[in-house]
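Have the sequence and the 3D picture open while you read.

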Amino acid sequence: MASPAFAQGAATPTLSGVIDNLRNWIVGILAGVATLFLTIGGLRYLTAGGDPGQVEKAKIALKSAAIGYALAILAPLLVSILASIVGG
């Protein structure tokens with residue numbers, strides 16, 4: 001006779017696992033938002049038609065995209081600093 005199969009209990013997440021998941025979410029969200037700003041800035045720049053106000057708005061959106069990408073690159077470092085502070 002076959003022995004019964006038991007479902008494995010859900011393992012409790014470790015602090016390092018939670019921090020890794022947090023880092024992945026932060027990087028994903030920042031990269032997505034930065035890509036959105038890059039697209040909006042590019043479209044505004046293309047459709048500005050020489051209007052200085054629209055060109056300035058496009059430049060602001062492109063700068064925001066650059067900041068977002070920089071934060072996405074730095075997010076793993078920031079999360080590791082947070083992990084060292086809380087003892088992860």
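A residue is called buried when its relative accessible area is under 20%, exposed when it is over 50%, and partly exposed in between. Keep in mind that this is a predicted model. Now try Leu77, which lies in helix 2: its relative accessibility is 49%, so Leu77 counts as partly exposed.

Leu77 also belongs to a nonpolar surface patch of about 990 Å², together with residues including Leu15, Leu22, Ile67 and Val86. Helix 1 and helix 2 are the elements that give two or more residues to this patch, and helix 2 supplies the largest share, nine residues.

Here's the chain in numbers:

| Feature of the protein chain | Value |
|---|---|
| Helices | two helices |
| Buried share of the 88 residues | 14% |

What about helix 1? It runs over residues 15-47 and reaches 48 Å from its first C-alpha to its last, close to the 48 Å expected. At its start, a side-chain oxygen of Thr14 comes to within 3.2 Å of the backbone nitrogen of Gly17. Just past the other end, Gly49 has a positive phi of about 65°.

Which helix do the buried residues of helix 1 pack against? They pack against helix 2, residues 52-86. The buried ones in helix 1 are Ile19, Ala34 and Gly41. As for contacts in the chain with a separation of 6 or more, 74% are between residues 24 or more positions apart.

Methods: Residues numbered from 1 in each chain as written. Predicted model: local features only at pLDDT ≥ 70, side-chain atom pairs only at ≥ 80, totals over all residues. Heavy atoms only, no water. Helix = DSSP H or I, 4+ residues; strand = E, 2+ residues; numbered from the N terminus. Expected span 1.5 Å × (residues − 1). Buried < 20%, exposed > 50% of the residue type's maximum accessible area, 1.4 Å probe, protein only. Contact = heavy atoms within 4.5 Å. Polar contact = N/O pair within 3.5 Å; in protein donor to acceptor, adjacent residues only side chain to side chain. Patch = residues over 30% accessible without salt bridge, like charges linked within 9 Å, V, L, I, M, F, W, Y side chains within 5 Å. Areas by Shrake-Rupley, 256 points an atom, 1.4 Å probe, with all protein chains shown as cover. Salt bridge = Lys/Arg side-chain N within 4 Å of Asp/Glu carboxyl O.
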